[in-house]
Amino acid sequence: MTTVFLLIAVVLTALIAGLFYAYSCSVVLGLGKLSDTEYLKAMQSINREILNPVFFLSFMGTAILLPVTAFLFRGQPPFLFLVLASAAYLIGVFGVTIAGNVPLNDMLDKFDISGSTVEAVKQMRDRFENRWNLLNNVRTVFSVISIGLAVCACLWSREVV
């Protein structure tokens with residue numbers, strides 16, 4: 001049973017790492033080429049659409065399954081890797097998202113693009129874009145660290161290998 005938890009935790013962690021990596025190396029680059037109004041509208045739409053059951057299952061599932069799996073492997077070689085993977089995910093991915101990206105998304109969601117001046121739209125983009133991208137890059141790095149550590153746990157697990 002611990003093997004099943006480990007494999008699911010690794011898959012979920014990999015899905016989240018892939019999501020943030022794809023944003024960092026393609027989505028934000030493409031969005032960055034849009035006009036201020038187009039950019040803000042696109043980010044509003046993306047931020048609303050990502051709030052779906054599939055995303056929540058993988059995002060929240062990883063936050064739950066990594067620590068649970070670490071607990072299940074206590075006293076075994078994969079334990080330390082899973083504790084470190086959990087810490088990287090909970091602090092660098094989950095924590096950064098909740099404390100950084102979500103407040104920015106909420107601020108943007110409340111912004112009335114069509115009722116704003118060109119200058120107000122530019123100011124909103126300036127307040128949002130660079131900070132959001134930086135935080136997303138932090139999430140990307142920590143999610144990649146987390147998946148790397150989770151894969152190490154698999155390699156050190158006698159049950160999986």
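User: What pattern does the chain follow along the sequence?
Analyst: Reading along the sequence you get α-α-α-α-α. That comes to 5 helices and 0 strands, where helices (H or I, at least four residues) and strands (E, at least two) are DSSP runs numbered from the N terminus.

User: Where does the model come from, and how are residues numbered?
Analyst: It's a predicted model, where local features need pLDDT of at least 70, side-chain atom pairs count only at pLDDT 80 or more, and totals for chains, interfaces and linings use all residues. Residues are numbered from 1 along each chain as its sequence is written, and side-chain values use heavy atoms, with hydrogens and water left out.

User: What's the mean pLDDT of the chain?
Analyst: The mean is 95, and 98% of the residues reach 70 or more; pLDDT is the predictor's confidence in each residue, from 0 to 100.

User: And which helix has the lowest confidence?
Analyst: H1, at a mean of 96, while H4 has the highest, at 98.

User: OK, dimensions. What does the C-alpha trace span?
Analyst: About 60 × 25 × 20 Å along its principal axes.

User: How much of the chain is buried?
Analyst: 41% of the 161 residues. Buried means under 20% relative accessible area, exposed over 50%, and partly exposed in between (1.4 Å probe, protein chains only).

User: Which residues touch the most other members in the largest nonpolar core?
Analyst: Leu6, Ile16, Phe59, Leu66, Leu82 and Tyr89, out of 23 residues in that core. A nonpolar core here is a set of buried Ala, Val, Leu, Ile, Met, Phe, Trp, Tyr and Cys residues joined through side-chain atoms within 4.5 Å.

User: Which helices supply it?
Analyst: H1 (2–32), H3 (53–72), H4 (78–110) and H5 (118–156) each give at least two residues. The largest share, 7 residues, comes from H1.

User: What does the second core include?
Analyst: That separate core has 16 residues, among them Tyr23, Leu108, Phe128 and Leu135.

User: Switching to Asn47: where is it, and is it buried or exposed?
Analyst: Asn47 is found in helix H2 (residues 36–49). Asn47 is buried, with a relative accessible area of 10%.

User: What does Asn47 touch?
Analyst: Leaving out residues up to four places away in sequence, Asn47 touches Asn105, Leu108, Phe128 and Trp132. Contact means heavy atoms within 4.5 Å.

User: What share of the chain's contacts join residues at least 24 apart?
Analyst: 80%, among contacts between residues at least 6 apart in sequence.
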